[in-house]
Amino acid sequence: MFKVALVGEFHNVGKEYLKNNKINIVETLKYEAEDLKNILSDCDAIGIRTAKLPEEVLSKCKNLKVVARHGVGYDSVDLNYLNQNKIPLAITGSSNAVAVAEHVIAMFLSLSKKILASNQTVTQGQYTKKTMIQNTVELYKKKVLIIGFGRIGKEVAKRLSAFDTEILIYDPFLKDSGIDVKPYTFVDLQTGLKESNFITIHIPLSKDTENFISHKELSLMKSDTILVNTSRGGIVNQHDLLNSLEQGKLLGAGLDVYTVEPPPKDDPILTAPNIILTPHNAALTIECRMRMSLETAKNILSVLENNPNLENIVNKNIL
Ligand SMILES: NC(=O)c1ccc[n+]([C@@H]2O[C@H](COP(=O)([O-])OP(=O)(O)OC[C@H]3O[C@@H](n4cnc5c(N)ncnc54)[C@H](O)[C@@H]3O)[C@@H](O)[C@H]2O)c1
């Protein structure tokens, strides 16, 4: 009987799927490396939410046949170690794009309509001072730059097309959009940053994309630009973003992800002007948690049964 460790909270649908397939499940909410070394040492597979799996933990797992992320980002797992040991890494490729795309649209609309400030004027008895809320804008006819046109970027584009926006795409690894959304144009990064009114980022965090948006890129943006980052914290330089917001060089920003998570209580980004902050919960709708739990479970079983779903395997070249 295979033994599978689920690290973090998994929705019941995934657990039931594994149990119904005669898998022995071990669950833990412990994330410390010392704890994980013991708990995972004899497991055949690991399902993982946000805990880190560095080499020091993975090297203790002598029976390991697959690591399955409950999500699509995998910067928390030592992929080099898995490659060297020919262990596949699976992600939930078809589960969370829609949930994150809706979160982006929610942030675009909240920021452009200043929903948080408007709410405050009503709850704080300032109803008649509504004209003090200035510079609310529309998405209609605006240019929206999507940086990274993978699963999430495409879902954002589909939803934006209902707002009659003009979509600009920056993704040098693609030749065509792969979807039927028009109008859209592939642009170079500089052009996209200079021309857009709304910008949303959907690239993975790596050494190449760390601080991808810093002072230089922010200074190219127009002062009526709204920037949303739901990808990974290190991709936008938080210090430089704070400066831009404080100096009124951006209309607003939305962050779901942070350089350090959770951000320290005294982090100045928490009190930046014209910002909306969410706790890395873009993909945590009820529906998406169910989909991710089930897809993680299916990914695990498919590898254990020697029938991996290759679309979801990040390092398929090692198989
Ligand atoms: N906030 C959340 O809860 C949440 C949820 C899911 C995913 N994410 C993050 O979103 C990221 C994107 O997810 P996805 O499913 O769309 O990934 P994906 O792999 O389907 O798409 C990523 C796209 O980025 C492009 N890309 C890579 N490097 C680039 C670069 N330097 N410049 C421009 N384009 C580049 C790739 O060509 C690809 O098309 C994930 O890596 C993850 O970190 C966050």
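Okay, let's start with the sheet that has seven strands: it's open, the order is β8-β7-β6-β9-β10-β11-β12, and the pairing is parallel. At the edges you have β8, residues 184-186, and β12, residues 275-277. Each of those has a single partner strand, so one side of each is left without a neighbour in the sheet. If you ignore direction, neighbouring strands here are turned by 15° against each other on average. And before I go on, please keep in mind that this is a predicted model.

Let me stay at the β12 end for a moment. Strand β11, residues 252-255, pairs with β12 in the parallel sense, and three bridges hold that pairing. If you want one to click on, take Ala 253, whose bridge partner in β12 is Ile 275. The loop between β11 and β12 is worth a look too, as Pro 262 is found there. The peptide bond running from Glu 261 to Pro 262 is cis, with omega near -5°.

Carry on past β12 and you come to the loop between β12 and α11, where His 280 is found. His 280 isn't a glycine, but it has a positive phi of about 50°.

With 11 C-beta neighbours inside 10 Å, Asn 135 counts as exposed, because the cut-off for that is 12 or fewer.

Now, the other sheet. This one is open as well, with five strands in the order β2-β1-β3-β4-β5 and parallel pairing. Its edge strands are β2, residues 24-28, and β5, and each pairs on one side only.

Let's walk across it. Strand β1, residues 3-7, pairs with β3 in the parallel sense over four bridges, and Val 7 has Ile 48 as its bridge partner in β3. From β3, residues 45-48, four bridges lead on to β4, and those two strands run parallel. Ala 45 is bridged to Val 66 in β4, while Ile 48 has Arg 69 as its partner there. Then β4 pairs with β5, residues 89-90, over two bridges, again in the parallel sense. In that pairing Val 67 has Leu 89 as its bridge partner in β5. To get from β4 to β5, the chain goes through helix α4, residues 79-84, and this β-α-β crossover is right-handed.

So which way do the side chains go? In a regular strand, side chains alternate between the two faces of the sheet. In β3, Ala 45 and Gly 47 point one way and Ile 46 and Ile 48 the other, and all are buried. In β4, Val 66 and Ala 68 go one way, Val 67 and Arg 69 go the other, and all of these are buried too.

On to the ligand. How many residues surround it? The count is 32, and the closest are Gly 73, Gly 148, Gly 150, Ile 152 and Phe 173. Two elements give two or more residues to this shell, namely α5, residues 97-112, and α7, residues 151-160. The largest share, three residues, comes from α7. By type, the shell divides into 16 nonpolar, 11 polar and five charged residues.

And where does the ligand sit relative to the domains? Domain 1, which is 3-93 plus 286-318, and domain 2, which is 97-277, both give residues to the shell, so the ligand lies between them.

Asn 309 lies in the segment after α11, residues 286-304. Asn 309 and Ile 91 are 218 residues apart along the chain, yet their C-alpha atoms are separated by 10 Å. Then there's Asp 224, in the loop between α9, residues 215-220, and β10, residues 226-229. Asp 224 and Asn 24 are 200 residues apart in sequence and 54 Å apart in space, C-alpha to C-alpha. Okay, that's me done.

Methods: Residues are numbered from 1 along each chain as its sequence is written. This is a predicted model: local features need pLDDT of at least 70, side-chain atom pairs count only at pLDDT 80 or more; totals for chains, interfaces and linings use all residues. A residue is near a molecule or strand if its C-beta atom, placed from the backbone, lies within 6 Å of it. Ala, Val, Leu, Ile, Met, Phe, Trp, Tyr, Cys and Pro count as nonpolar, Asp, Glu, Lys and Arg as charged, and the others, Gly among them, as polar. Domain bounds come from an automatic or database domain assignment. A residue is buried if 20 or more other C-beta atoms lie within 10 Å of its own, exposed if 12 or fewer, and partly exposed in between; C-beta atoms are placed from the backbone. Two strands pair if DSSP finds at least two bridges between them. A crossover is right-handed if, with the strands pointing away from the viewer, the path from the first strand over the helix to the second runs clockwise. Axes are lines fitted to C-alpha atoms, for helices over the stretch in contact, and angles run from 0 to 180 degrees between N-to-C directions.
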